[in-house]
Amino acid sequence: TFLDSMGKYIRGYVRIRLESPAPERFFSLCVHNRIPLRNLTQEGSCYEMELSARDFLRLGRFRRKTNARIHILRKNGLPFFLHRAQKRKAFFLGILLGLVLLAICSFRIWDIQIAGNRYYTTPVLLETLSEWEISCGMAKRNVDCQKLMQKIRQTFPGIVWVSARLEGTCLIIDIKENDEIPQETPVKEDTRSCWDLTAPWDGTVVSIITRAGMPLVKPGDLCKKGDILVSGAVAILDNDSQIQRYEYVRSDADIVIETRFPYYDEFSRTITVKSYPGEQKTYPFFTLFGTDISWYHTPKNTSEIYRTERQLTLTPSFYLPVTVGEIITIPYEKKSYCYTPEEALELSQKHLQNFLKNLVSENAVILSRYIQIKLTANRCRSQGYITIQIPGSDKSAVTPKEFPDLSAETTE
């Protein structure tokens with residue numbers, strides 16, 4: 001069993017080879033004196049076995065009685081290890097210092113984990129914690145989780161629930177945000193404000209469905225940018241079809257306008273590209289208590305530098321102030337490259353397709369397009385227009401209308 005193996009290792013044991021003309025008598029003496037022999041094997045006329053170091057010292061008289069020769073093949077166990085390690089005091093001193101260092105590190109925070117946040121980003125939360133003097137390297141006894149949770153809820157109104165706890169050398173903060181995050185500078189809407197709907201482009205009205213307000217145009221009418229399409233001033237008529245008063249509402253309508261969108265795109269045919277003639281170099285490093293230790297040196301030529309790192313842990317929640325990683329440098333050179341006519345035309349078509357995709361994402365229907373592409377020695381220019389049908393309108397404040405007060409009658 002495991003306990004027997006541990007006891008055997010702690011007491012120490014040896015493996016010996018026995019050469020004797022009377023091995024049966026030697027074994028009989030061992031059994032009579034209660035000396036256990038383990039893993040007994042025969043090699044020709046010799047026998048190999050294991051016994052404890054204490055029992056080995058009792059074999060002297062048995063060896064003389066049986067005229068046997070005993071050879072020690074191997075010494076195992078803690079007593080022999082300590083005897084061999086007497087000249088390695090620095091090794092054990094390093095182990096002791098390492099244990100002391102781990103004990104000191106266990107009383108501090110070496111990692112902060114935040115989970116459940118979407119609107120409030122992790123860098124913003126970590127910066128706020130740093131302002132509250134909560135950061136990696138601080139003593140765990142200086143962290144009051146209850147006060148920390150209260151301050152987080154007071155500082156960030158969009159957080160409806162927060163939990164903070166210490167596990168090992170890690171501070172774990174779990175938060176839950178409200179589905180509707182309040183704005184930092186909320187704008188109070190004036191419920192009495194009303195507006196007109198105006199044309200955002202020049203074009204022709206294709207369709208108009210009014211839900212609130214007074215429509216001033218009908219399908220097929222021409223409009224210019226800024227023209228009022230739906231008025232927020234609704235006239236209230238009396239029995240004689242005379243305007244009695246105006247009521248002001250928030251205009252609401254679905255308006256589709258056919259218009260021409262101008263298109264212009266220009267780019268240089270000569271660009272700067274990178275070539276990688278050299279081989280990348282990798283420099284391992286490790287960080288101890290925030291100090292980098294590595295053989296990295298700044299490259300003489302222009303290079304791309306990438307850094308990867310990983311913090312060491314003993315357990316999933318016991319982080320150490322040690323980070324290991326590597327720095328990769330890839331040398332490169334900048335060269336000028338000129339697009340061929342075919343490549344320039346292909347790139348201009350990609351730009352046009354991206355522009356059309358953006359229009360389609362705004363529910364626009366593309367009817368036609370007229371684009372001219374001109375190539376010069378150094379430039380590529382695309383210019384023209386695109387005919388589309390697109391829904392949309394702008395809002396503008398309603399201007400109160402004045403009219404004679406007809407409610408007062410003159411008596412003769």
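**Ground rules.** I am working with a predicted model, where local features need pLDDT of at least 70, side-chain atom pairs count only at pLDDT 80 or more, and totals for chains, interfaces and linings use all residues. Residues are numbered from 1 along each chain as its sequence is written, and side-chain values use heavy atoms, with hydrogens and water left out.

**Entry one: the patch.** I looked up a positive surface patch and found Arg-25, Arg-61, Arg-63, Arg-64 and Lys-65. Such a patch takes residues with over 30% relative accessible area and no salt bridge, with like charges joined within 9 Å; a salt bridge is a Lys or Arg side-chain nitrogen within 4 Å of an Asp or Glu carboxyl oxygen. Helix H4 (residues 60-66) gives the largest share, 4 residues. Arg-25 sits in helix H2 (residues 23-32). Helices here are DSSP runs of H or I with at least four residues, and strands are E runs of at least two.

I found Thr-308 in strand S19 (residues 303-315). Its relative accessible area is 42%, so I noted it as partly exposed (buried is under 20%, exposed over 50%, partly exposed in between, with a 1.4 Å probe and protein chains only). Beyond neighbours within four places in sequence, Thr-308 contacts Phe-285, Val-324, Gly-325 and Glu-326 (contact means heavy atoms within 4.5 Å).

Is Thr-387 buried or exposed? Thr-387 counts as buried because its relative accessibility is 10%. Its place is strand S23 (residues 379-391). Leaving out residues up to four places away in sequence, I saw that Thr-387 touches several residues, among them Glu-258, Arg-260 and Leu-367.

Methods:
Patches are made of residues with over 30% relative accessible area and no salt bridge: like charges are joined within 9 Å, nonpolar side chains (Val, Leu, Ile, Met, Phe, Trp, Tyr) within 5 Å. Accessible areas come from the Shrake-Rupley method with a 1.4 Å probe; for residues, only the protein chains shown count as cover. Lys and Arg count as positive and Asp and Glu as negative; His and the chain ends are not counted. The place of a charge is taken as NZ of Lys, CZ of Arg, CG of Asp or CD of Glu.
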